[in-house]
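Please keep the structure in view while reading.

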Amino acid sequence: MKILVTGTAGFIGFHLAKKLLERGDEVVGLDNINDYYDVNLKYARLAELGISRHLVEESCNSVEESRHSVLDTESNNNLIQSSKYKNHKFIKANLEESETINKLFETEKFDAVCNLAAQAGVRYSIENPHAYIQSNVVGFLNILEACRNYNVKNLAYASSSSVYGLNKSQPFKTTDMTDTPISLYAATKKSNELMAHTYSHLYDIQTTGLRFFTVYGPWGRPDMAPMLFTDAILNNKPIKVFNNGEMSRDFTYVDDIVDGIIKVIDNPAKNYNIYNIGNNAPLSLMEFIETLENSLGKKAEKNFMPMQDGDVVSTYADVSGLIDDFGYKPNTDLADGIGKFVKWYKEFYMNGNI
C-alpha cells in the first residue's frame, strides 16, 4: 500500500511511519518542521527514518529559487529519498499550500492517507489562534479536497480527546455530545470531524477520525508532561503540578496508539466513523509522577498550582468501538512505558544528541 503520512517529523507520525515502513508499505512523509518546539528533535526523528536535514534544507532552497525562475517545475515535488528505507520519501511542506498538496497527490497516486499534521497544543492555541485555523482547518480542507480530486477513498486523521471539552460523563464515549470545546485547538479538531463527515457523505470518501488520549513514549513532544517533568527532575528544578495534582489522564503508550492507527488504515470505515484511541484506564497525575520518579530514581520537587485555562480535570477513553471492530487492546502498562521513555530520554539528551 502507498500511504501519505503527514506530520512525520512529529511524535506520533514518526512512530507510525517507521512501523509502516518496517512492515513493507510505501510511505511518503510530509511535515512543515515548524518551530513550535525544538526543530532539532524533529530533524532527529527524520534522521531515524533516513531523511537528511541537509537535503531537506537544500530542497527548501531549491523551492525558493524556483519561485523566481522561469523554469518549469511541475514535475518536481522536491521529494527526498530516505537513505535507510527504499520505500520512503519525504517532502517539507505546509498543509495550507494547496498547489503543493495537489501536485503531490497527482504525481504519487496514494492508496491511503493518514493526516496527523496539525498545529498542536491546547494552551498555545490561546496565544496564537491564527496558526490553528490555517494548519488545522484550511490545511485539512486541502487534504479532503485532494482526496476528492485524486480519488483517494481511504482517509484516517487525528482528532483529539479535547473535543469532549466540558463533558462531565466518564468514560468519554464517541456518542457523547462534543459541542462544548474549551480551547480553539479542540474546536478545530471538532471542525475536522464535521468536515470529514461532509466529504464522506458527498463524495463517498471513507474517513476515520481518531480521538487521541494523552500519548507518551520515546521521541515525545517536549511541551508535554513526561518531557517537562523529566527535564525538571534531572536538573533539580520544581515541576508544575496543575489543579493541585487532582487530575487524571488516560495515559497511552505510543506503540499502542500506532497499532490502533494501522488497524484503521488497513480496514477503512465503510463511510464515516470516529473512534476513541486510548488506554481505557485513567491514572491520577500523582501516580504518573510517582512512576516517573521511580524510573528516574529521584524525587520531584512539586510546585502545586491552580488549573490552567483550556485544560480539563480528567480524561477517560471508552475504546469499545476499536475493541469491537478491530480487537484493539493496549498492552503497555505505565511502569513499562515510562521505563522505555526514560531509557530513550537519557540516551538522547544526556549523550549530547541535542
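In this predicted model, strands β6 (residues 154–160) and β7 (residues 206–212) run parallel and are joined by 7 bridges. Serine 160 has phenylalanine 212 of β7 opposite. Strands of a sheet pair through backbone hydrogen bonds, either parallel or antiparallel. The pair β6 and β7 belongs to an open sheet of 8 strands, in the order β3-β4-β2-β1-β5-β6-β7-β12, and the pairing is mixed. Which strands stand at the edges? They are β3 (80–81) and β12 (272–277); each has a single partner strand, so one side of each is left without a neighbour in the sheet.

| Helix | Strands touched | Angle with β6 |
|---|---|---|
| α6 (residues 129–149) | β1 (2–6), β5 (112–115), β6 | about 165° |
| α7 (residues 184–203) | β6, β7, β12 | about 155° |

At 1.5 Å a residue, its 20 residues should span 28 Å, and because the end C-alpha atoms are 28 Å apart, the two values agree. Just after α7, aspartate 204 has a positive phi of about 60°.

Buried residues of α7 include Tyr185, Ala186, Met195, Ala196 and Tyr199. Lys189, Lys190 and Glu193 are also among the buried residues of this helix. What covers them? The cover of the buried residues of α7 includes α5 (124–127), α6, β6, β7 and β12.

Lysine 190, which lies in helix α7, deserves a separate look. Although lysine 190 is buried, it has no salt bridge. The nearest side chain of opposite charge belongs to glutamate 193, 4.2 Å away, whereas a salt bridge requires a side-chain nitrogen of Lys or Arg within 4 Å of a carboxyl oxygen of Asp or Glu. With neighbours within four places in sequence left aside, lysine 190 is in contact with Val163, Thr178 and Asp179.

Is threonine 230 buried or exposed? Its relative accessibility is 0%, so threonine 230 counts as buried, the cut-off for buried being under 20%. Not counting residues up to four places away in sequence, threonine 230 touches Ala225, Leu292, Leu296, Phe341 and Tyr345.

Methods. Residues are numbered from 1 along each chain as its sequence is written. This is a predicted model: local features need pLDDT of at least 70, side-chain atom pairs count only at pLDDT 80 or more; totals for chains, interfaces and linings use all residues. Side-chain values use heavy atoms; hydrogens and water are left out. Two strands pair if DSSP finds at least two bridges between them. Helices (H or I, at least four residues) and strands (E, at least two) are DSSP runs, numbered from the N terminus. Contact means heavy atoms within 4.5 Å. Axes are lines fitted to C-alpha atoms, for helices over the stretch in contact, and angles run from 0 to 180 degrees between N-to-C directions. Buried means under 20% relative accessible area, exposed over 50%, partly exposed in between (1.4 Å probe, protein chains only). Lys and Arg count as positive and Asp and Glu as negative; His and the chain ends are not counted. The expected span of a helix is 1.5 Å times one less than its number of residues.
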